[in-house]
Amino acid sequence: MLEKILHYLNLDSDVEDFDRIHETITKDVIFKGTNLWILVFAIIVASVGLNMNSTAVIIGAMLISPLMGPINGMGYSIATYNFPLLRIAVKNFSFAVGASLLASTAYFAISPVSTAHSELLARTSPTIYDVLIAFFGGLAGIVAISSRTKGNVIPGVAIATALMPPLCTAGYGLATAKFEFFFGAIYLFTINTVFIAISSVVISQILKFPIRTLQDESKKKRVNRLITIVIIITVTPSVYFGYMLVQQERFNERASRFIASVRLFEGNYLLGSEVRPKQGSVSLVYGGSSLDTTQRDMIRKRAEDFDLLDARIDIRQGLSFSEFATDLSEIEQLKGEINRLSLLLRDSERKQDSLLLREQLGNRLLSEIRPLEPRIIACGYSEALVYSATTGPPRRMTVVSFGTSRTLPQRDRARVLDWLRSRVPADSLTATFDARP
């Protein structure tokens, strides 16, 4: 069994010729001519997508970007200890990053739209999850490059690892002097770069790519030690950011439940709310009678029930009756109107619930009568007003219609009707039996 599983997981049977893999990776490392122009065009497209908050345009830019080439080249050259190729890959990668930053900064400097939309903001706060995406996306990419059947993996990896948008966001940060955007985006780009390269190292060593240059063991150890240091330096901040992201999501969830519990508070309606998880605060804006100090303290006290002990609860009066009503009786009248509308709303909700239950009553009656009388196969429930030519007002009648598999004797009908009267309280109740052979 284990041998069969290992057979399915084995990559050796699909591995491309090592010389062809080497040639492909070496060719993609070089940035000049076609590759350089494609990179610049992709950067401009991605910048426009971020500027206009268009996901489709950003995905298109990631698909045409050739940035993966030198990153895979760095990982491959480290795994095979090919330091001449590593120097070429690093030089070309640095040149590509510089050209990308220059192009994106130039675009955002002349663009009339400078708003930071959601697509742009999403690239400023990397977490440990971005590490996982870059690593496993990079694994898929280098496995595809090493395989005879490339498939459509490479475009998917380009989208998943998202190298272009962070560079464009960094350019936006430089163009608008928002350096927190620049550093956040550069850190995300560094995560993607490092872990795509690391994944290339891992797969290259698993597939035993041939070492093309002779190196002593001490130099190999220094390289491995350097890789470990780079991984630790890159991952550590992302773990912290990931922890903070989880804490913010938990704060949002608790704050949402707290806000729902105080939407209506002693004659005051919640007009608006804002949750700021990074600051650990919740803002509430009420309309209605003016909230006094005791009521505000009660609202803040209720926040403790939702594990918001350290949260800052800001309560503001958005609309107060006292601003419009100088006479106390007028204020009370407005309060009474609010209470009346609240009662009408609750009564309407109860009626809706009652109608829903009434619609389902026939089904419930059928499920209860079937064990007592299996010949009953259908049940309908309705209420009607019966008008008479001789009497004045109509009388309400409850009608239950039974469908049976065959005609029921009179005594069985009487037994079902007695059960029905005990089950459905009604002043006027009638039942019909319709045989359906």
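**Close-up views of a predicted model**

Arginine 257 has a relative accessible area of 39% and is therefore partly exposed, a class that lies between buried (under 20% relative accessible area) and exposed (over 50%), with a 1.4 Å probe and protein chains only. The model is predicted, so that local features need pLDDT of at least 70 and side-chain atom pairs count only at pLDDT 80 or more, while totals for chains, interfaces and linings use all residues. Residues are numbered from 1 along each chain as its sequence is written, and side-chain values use heavy atoms, with hydrogens and water left out.

**View A. Salt bridge between glutamate 253 and arginine 257 in helix H12.** The two side chains meet at 2.7 Å, N to O; a salt bridge is a side-chain nitrogen of Lys or Arg within 4 Å of a carboxyl oxygen of Asp or Glu. Both residues lie in H12 (residues 217–261), four residues apart, about one turn of the helix. Helices (H or I, at least four residues) and strands (E, at least two) are DSSP runs, numbered from the N terminus. Glutamate 253 is partly exposed, at 42% relative accessible area. The structure holds 13 salt bridges.

**View B. Salt bridge between arginine 300 and aspartate 297 in helix H13.** The closest N and O atoms of this pair are 3.8 Å apart. Because the residues are three apart in H13 (residues 293–303), about one helical turn separates them. Arginine 300 is partly exposed at 33% relative accessibility, as is aspartate 297 with a relative accessible area of 43%.

**View C. Salt-bridge network of Glu274, Arg276, Arg312 and Asp314.** These four residues are linked by salt bridges. Within the group, arginine 312 pairs with aspartate 314, with 3.6 Å between the closest N and O atoms. Arginine 312 is partly exposed, with a relative accessible area of 44%; the value for aspartate 314, also partly exposed, is 24%.

**View D. Open sheet of strands E5, E6 and E7.** The three strands are ordered E5-E6-E7 with mixed pairing; two strands pair if DSSP finds at least two bridges between them. Strands E5 (376–386) and E7 (429–435) are the edges, each pairing on one side only. E5 and E6 (residues 395–404) run antiparallel and are joined by 10 bridges. Valine 386 has arginine 395, in E6, as its bridge partner.

**View E. Helix H8 and its buried residues.** H8 (residues 128–146) has 19 residues. Its buried residues include Asp130, Val131, Gly137, Leu139 and Ile142.

Key:
Expected span 1.5 Å × (residues − 1).
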